[in-house]
Amino acid sequence: MEPVLFYGVPHGCSFGSIVALEWLGQPYRLHRIDMLSKRSDSFATVSPLGQTPAMITKDGKPLTESLAILHSIAARGLDKGLGFAQGTKKFDELNWMLSYLHTTLHSALGYGWNAYKLEEDDHAGKAFLRRLAREKSAEAYGYLQGVLEGREWLVGDAKTVGDAYFIGIARWGEDLGLFDIAREFPGIHKHMARLEADPAVIFAHAIEDETPHKSSGGFRGQLTVQELDTRLAA
């Protein structure tokens with residue numbers, strides 16, 4: 001049975017996993033999770049911490065955490081260059097890049113999202129978190145911009161799951177109103193623009209926005225709650 005990816009809205013980091021699945025080209029389904037609403041008991045079975053992305057793999061097993069899911073997708077797409085064989089230098093580089101994006105860029109921008117979790121009248125707390133988000137993520141963007149100098153892609157000579165994850169979280173700098181990326185980080189903006197023109201990224205935006213979409217990969221439709229319950233009970 002085809003895998004099912006649980007993706008979060010609005011603007012979740014699971015966006016990158018949708019892009020990676022489209023690049024993979026193999027059959028898959030999606031299940032939408034509104035992160036601002038109460039999650040179902042069925043989703044809790046797959047993701048006990050209530051986080052996205054989460055996945056039901058082809059063999060029916062739950063898999064959580066972006067890095068684990070992206071490495072799983074990459075391992076199925078070695079022939080497409082989405083990842084590299086474990087034990088190789090390129091695998092180590094990709095593993096490093098994914099780790100950097102998650103532990104450094106994602107975490108830095110996360111301060112900005114955490115500001116929204118504070119009480120409305122906690123203006124000092126919100127200002128502190130936003131300042132911290134801008135300072136830390138500016139360092140992260142600046143470093144990545146240096147990595148991209150003279151390169152077309154983050155790792156190797158073709159797009160990988162690293163680029164898929166990048167486009168899902170790099171946008172947060174502007175989503176949070178922290179940066180004018182085109183002006184402050186033109187190298188980052190150039191890479192984002194290249195990816196934004198990719199059919200898989202266009203598709204992932206349409207999925208998030210619930211607008212008409214056309215898959216260039218293996219999308220087989222959204223899994224309903226009833227179908228999810230049936231599959232989990234099997």
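This is a predicted model: local features need pLDDT of at least 70, side-chain atom pairs count only at pLDDT 80 or more; totals for chains, interfaces and linings use all residues.
## The largest pocket

The largest pocket has a volume of about 930 Å³. It is lined by 27 residues, and those closest to its centre are Met35, His106, Trp113, Lys117 and Trp172.

Helix H4, residues 89–114, gives the largest share of this lining, with six residues. By class, the lining of the largest pocket holds 11 nonpolar, 13 polar and three charged residues.

## H4 against H3

Helix H3 spans residues 66–76. H3 packs on H4 at an angle of about 150°, and the two axes are 10 Å apart. Angles over 145 degrees count as roughly antiparallel, so H3 is roughly antiparallel to H4. The crossing of H3 past H4 is right-handed.

From H3, the contact uses Leu67, Leu70 and His71. From H4, it uses Phe91, Asn95, Leu98, Ser99 and His102. The residues of this contact split into four nonpolar and four polar, with no charged residue.

## H4 against H6

Helix H6 covers residues 161–170. The axes of H4 and H6 come within 10 Å and cross at roughly 10°. That angle makes H4 roughly parallel to H6.

On the H4 side, the contact residues are Leu94, Leu98, Leu101, His102, Leu105, His106 and Leu109. They meet Val161, Gly162, Tyr165, Phe166 and Ile169 of H6. The contact of H4 with H6 has nine nonpolar residues, three polar and no charged.

## H1 against H6

H6 also packs against H1, at an angle of about 145°, with the axes 7 Å apart. H1 passes H6 in a right-handed crossing.

Phe15, Gly16, Val19, Ala20 and Trp23 are the H1 residues in this contact. Their partners in H6 are Val161, Asp163, Ala164, Tyr165, Ile167 and Gly168. By class, the contact of H1 with H6 has eight nonpolar residues, two polar and one charged.

## Backbone geometry

Most residues other than glycine have a negative phi, and most peptide bonds are trans.

Two are cis peptide bonds. The bond from Val9 to Pro10 is cis, with omega near 5°. Pro10 sits in the loop between strand E1 (4–9) and helix H1 (15–24). The bond joining Thr52 and Pro53 is also cis, with omega about 0°. Pro53 is in the loop between helix H2 (41–46) and strand E3 (54–56).

Phi of His11 is near 50°, a positive value in a residue other than glycine. His11 lies in the loop between E1 and H1, and Pro10 lies in that loop too.

How values were computed
Residues are numbered from 1 along each chain as its sequence is written. Side-chain values use heavy atoms; hydrogens and water are left out. On a 1 Å grid over the protein atoms alone, a cavity is a set of points where a 1.4 Å probe fits but cannot get out, and a pocket is an open set with protein on both sides within 12 Å along at least five of seven lines; lining residues have an atom within 4 Å of a point. Grid points are joined across faces, edges and corners, and a volume is the space filled by probe spheres set on the points. Helices (H or I, at least four residues) and strands (E, at least two) are DSSP runs, numbered from the N terminus. Ala, Val, Leu, Ile, Met, Phe, Trp, Tyr, Cys and Pro count as nonpolar, Asp, Glu, Lys and Arg as charged, and the others, Gly among them, as polar. Axes are lines fitted to C-alpha atoms, for helices over the stretch in contact, and angles run from 0 to 180 degrees between N-to-C directions. Angles under 35 degrees count as roughly parallel, over 145 as roughly antiparallel, 65 to 115 as roughly perpendicular and the rest as oblique. A crossing is left-handed if the near helix is turned anticlockwise from the far one by less than a right angle, and right-handed if clockwise. Contact means heavy atoms within 4.5 Å.
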